[in-house]
Amino acid sequence: HGTCDDGSSKNGTCTCNFGWAGPACDIECTGGSVTPCSGHGTCSKESGNCTCYANRETGFWQGANCDLCQQGYYEANCTSPCYHGKTVPTTDGSPGGICQCDQFWARLACDYPCPTSNDSAALPCSGNGYCLDGHTSVGVCVCDQNYYGPNCDTYCHPDVICTQFAHAQCNTLTGACECQDDADGHWAGAKCDECKRFYWGDLCTKQCLCFGHGTCDRGTGTCQCFANPVDGYWAGVSCSVCADGYVGFECLSKNVRITRTQDIATPVRFKMMVTGEGKHLVDTLYGLSYVGGRPVLMFDAQEQMIDSMDLNAAVVDGWVGTERIFLMTS
């Protein structure tokens, strides 16, 4: 497994091939001649034993084959520090190591402490629950019944703490009192004695059939459609259509009718500029008028033409939206 320095003037020593050692090159390097020292160390030319790497670039290795992480390091490359735990071999036998956390530490590097009480005792989860610790866990508390908060330090029972509310529950994250909102009732209001939006009935368990566009009477379930610039202007038994005078997907746009120019009191100046059967659209919000068909002319409140739009089609309908106008052409 090497070459001999032979000849009358040579000394007859061997130069070993990669992965072999010893005076006669008959000692295979630890870890095998193909990948000596698992690729994580150097092989002694004399004995074939490994000297493992120990630096941030190539990792901190140990073991006869240099296939295990040194204590205090983990992962497949043995470069990541293990902060509050001990390094153990991988479960599948692959090179590297796992950071096995001390009690009440969590996450891969064991660098995340379990939440503790805010007093000097610093009890994990305030003694009112248990922590999901370990390198495969996230280090959060699972609180005992009626205890809440990240460290389980907040006690809450609706019948004890939330007596000022008619129908209360404890917030699952903070433990603060809030209105009940589950299958047994959907409540709202300052005293939790009103049905939550979109619910009705004696126990506020029935859902309003108003397509989300209105509330309903608590006693009958009759829809009371929204009519405001935030939720839209809706109508119909189930609030499924736009109210008169409004259009668009959210029923927020005013439906300003476009008519034939000759059918309305259009200023003479407009009529002179309109060819054929023109249309007239008034945008009262911005004080603009749109007149004509080919092209459409734009006038300001002082009846001065400020722009024209050649749509290459006749305007047949349209409406004014909250931020733009909509023109239908043919």
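Author: Happy to! Let me begin with the cut-offs: a residue is called buried under 20% relative accessible area, exposed over 50%, and partly exposed in between. With a relative accessibility of 21%, P124 therefore counts as partly exposed. Please keep in mind throughout that this is a predicted model.

P124 sits in the loop between β15 and β16. Setting aside neighbours within four places in sequence, P124 is in contact with F104, P115 and T116. Take F104 from that list: P124 and F104 are 20 residues apart in sequence, and their C-alpha atoms lie 7.3 Å apart in space.

Is N128 buried or exposed? N128 has 17% relative accessibility, so it counts as buried. Not counting residues up to four places away in sequence, N128 touches C143, D144, Y147 and C152.

C170 belongs to β20, which covers residues 168-170. Its relative accessibility is 7%, and C170 therefore counts as buried. Once neighbours within four places in sequence are left aside, the contacts of C170 are Y148, C156, H157, P158, C162, G175, A176 and E178. As for Y155, this residue is 15 positions from C170 in sequence, with a C-alpha to C-alpha distance of 9.4 Å.

Two further loop residues may interest you for their backbone angles. As background, most residues other than glycine have a negative phi. C204, in the loop between β25 (199-200) and β26 (206-207), has a positive phi near 55 degrees. F211, in the loop between β26 and β27 (214-216), also has a positive value, near 60 degrees.

What makes up the largest nonpolar core? The core has 9 residues, namely W200, C208, C210, C216, C223, F226, W234, C239 and C251. One of them, C208, is in contact with F198, Y199, W200, T215 and C216 when neighbours within four places in sequence are left aside.

For the largest pocket, the volume is about 330 Å³. Of the 20 residues that line this pocket, N17, G19, W20, C43 and K45 are the closest to its centre. The strands β2 (14-16), β3 (20-21) and β5 (41-43) each supply at least two residues of the lining. Sorted by class, the lining has 10 nonpolar, 8 polar and 2 charged residues.

The secondary structure comes to 2 helices and 40 strands. Among contacts with a separation of 6 or more, 23% join residues 24 or more positions apart. The accessible surface of the chain is about 19,500 Å², and carbon and sulfur atoms account for 52% of that area.

Note on methods. Residues are numbered from 1 along each chain as its sequence is written. This is a predicted model: local features need pLDDT of at least 70, side-chain atom pairs count only at pLDDT 80 or more; totals for chains, interfaces and linings use all residues. Side-chain values use heavy atoms; hydrogens and water are left out. On a 1 Å grid over the protein atoms alone, a cavity is a set of points where a 1.4 Å probe fits but cannot get out, and a pocket is an open set with protein on both sides within 12 Å along at least five of seven lines; lining residues have an atom within 4 Å of a point. Grid points are joined across faces, edges and corners, and a volume is the space filled by probe spheres set on the points. Helices (H or I, at least four residues) and strands (E, at least two) are DSSP runs, numbered from the N terminus. Ala, Val, Leu, Ile, Met, Phe, Trp, Tyr, Cys and Pro count as nonpolar, Asp, Glu, Lys and Arg as charged, and the others, Gly among them, as polar. A nonpolar core is a set of buried Ala, Val, Leu, Ile, Met, Phe, Trp, Tyr and Cys residues joined through side-chain atoms within 4.5 Å. Buried means under 20% relative accessible area, exposed over 50%, partly exposed in between (1.4 Å probe, protein chains only). Contact means heavy atoms within 4.5 Å. Accessible areas come from the Shrake-Rupley method with a 1.4 Å probe; for residues, only the protein chains shown count as cover.
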